[in-house]
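Subject: Structure handover

Hello,

Here is the structure I said I would pass on. My notes on it follow below.

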Amino acid sequence: MAWSVALACASAGEPAEVFRPGLVPDPDAAAKIARRLYPAATLTETGDTVLDFALWPYDDELFVGAFERALLLCDRRLFCLDDDARRIADTAAAALPGSRCGVLVLHNVIRSCWFRWYEAGVLLRDVYVTAEDGVVVDQGERLAAERPFWRAVDAGAPDVPLPFDPEEFGLALAEEYMFGRGIADRGKDGFLPLELPVRRFRHA
């Protein structure tokens with residue numbers, strides 16, 4: 001499956017325990033986060049949907065899922081990988097006190113993955129890889145779930161073209177650090193991350 005994803009996901013606690021059936025969204029908290037991200041914009045709330053629909057928003061859209069111990073944020077501006085994208089990622093990572101936050105950006109045409117990992121609002125890992133250009137950014141200590149992907153490069157293989165699939169890399173990190181299960185995997189408890197409720201906003 002080819003994925004396009006522009007997602008920040010934070011949880012206060014182990015993801016596999018935080019993300020479970022029965023999560024109740026807080027629309028007021030979602031609106032506050034949206035306004036914090038775009039204080040000068042005119043924001044219009046346009047209803048609720050689920051994460052599956054929100055993963056790759058239009059340019060003028062923002063999706064926020066705010067819960068007692070978790071936060072979801074989908075914003076295509078993350079794909080720009082510029083200062084504004086980093087601002088959005090940093091804001092999401094700091095919005096839930098004491099949380100850990102992963103930011104995942106995948107593109108099904110460019111075949112790339114950008115992943116950032118924060119703990120308590122502090123950026124610990126920043127990595128950007130593309131199938132054609134190899135390793136573009138590799139900052140911070142590698143996370144345990146990354147290590148199998150880097151074996152060939154660490155053994156001396158060239159990184160151009162990249163010797164692993166960027167999408168598989170990103171989805172493995174999302175499974176381990178963001179949701180505690182595959183983003184498209186329904187657990188025995190019936191919970192499926194793609195069905196998480198999010199609030200939809202348009203900004204101008």
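Asp59 sits in the loop between helix H3 (51–54) and strand S3 (61–66); helices (H or I, at least four residues) and strands (E, at least two) are DSSP runs, numbered from the N terminus. This is a predicted model, in which local features need pLDDT of at least 70 and side-chain atom pairs count only at pLDDT 80 or more, while totals for chains, interfaces and linings use all residues. Residues are numbered from 1 along each chain as its sequence is written, and side-chain values use heavy atoms, with hydrogens and water left out.

With a relative accessible area of 54%, Asp59 is exposed (exposed means over 50%, buried under 20%, partly exposed in between; 1.4 Å probe, protein chains only). Leaving aside residues up to four places away in sequence, Asp59 touches Arg76, Arg77 and His203 (contact means heavy atoms within 4.5 Å).

Strands S7 and S8

S7 (residues 122–130) and S8 (residues 134–140) pair in the antiparallel sense over six bridges; two strands pair if DSSP finds at least two bridges between them. A hairpin of three residues joins S7 to S8. The bridge partner of Asp126 in S8 is Gln139.

Arg125 is also in S7. Its relative accessible area is 1%, so Arg125 is buried. The Arg125 side chain makes a polar contact with that of Glu146, at 2.8 Å (a pair of N or O atoms within 3.5 Å; within protein, one must be able to donate a hydrogen and the other to accept it, and residues adjacent in sequence count only if both atoms are side-chain atoms).

Helix H6 and the cores

H6 (residues 166–179) has 14 residues, which at 1.5 Å a residue should span 20 Å; the end C-alpha atoms are 19 Å apart, which agrees. The expected span is 1.5 Å times one less than the number of residues. At the start of H6, a side-chain oxygen of Asp165 comes within 3.1 Å of the backbone nitrogen of Glu167. Just after H6, Gly180 has a positive phi of about 75°. Buried residues of H6 include Phe169, Leu173 and Phe179.

The largest nonpolar core has 41 residues, and among those touching the most other members are Leu7, Leu72, Phe169 and Phe179. Such a core is a set of buried Ala, Val, Leu, Ile, Met, Phe, Trp, Tyr and Cys residues joined through side-chain atoms within 4.5 Å. H6 gives the most to this core, with six residues. A second, separate core of 28 residues includes Ala30, Val103, Trp114 and Phe201.

Regards
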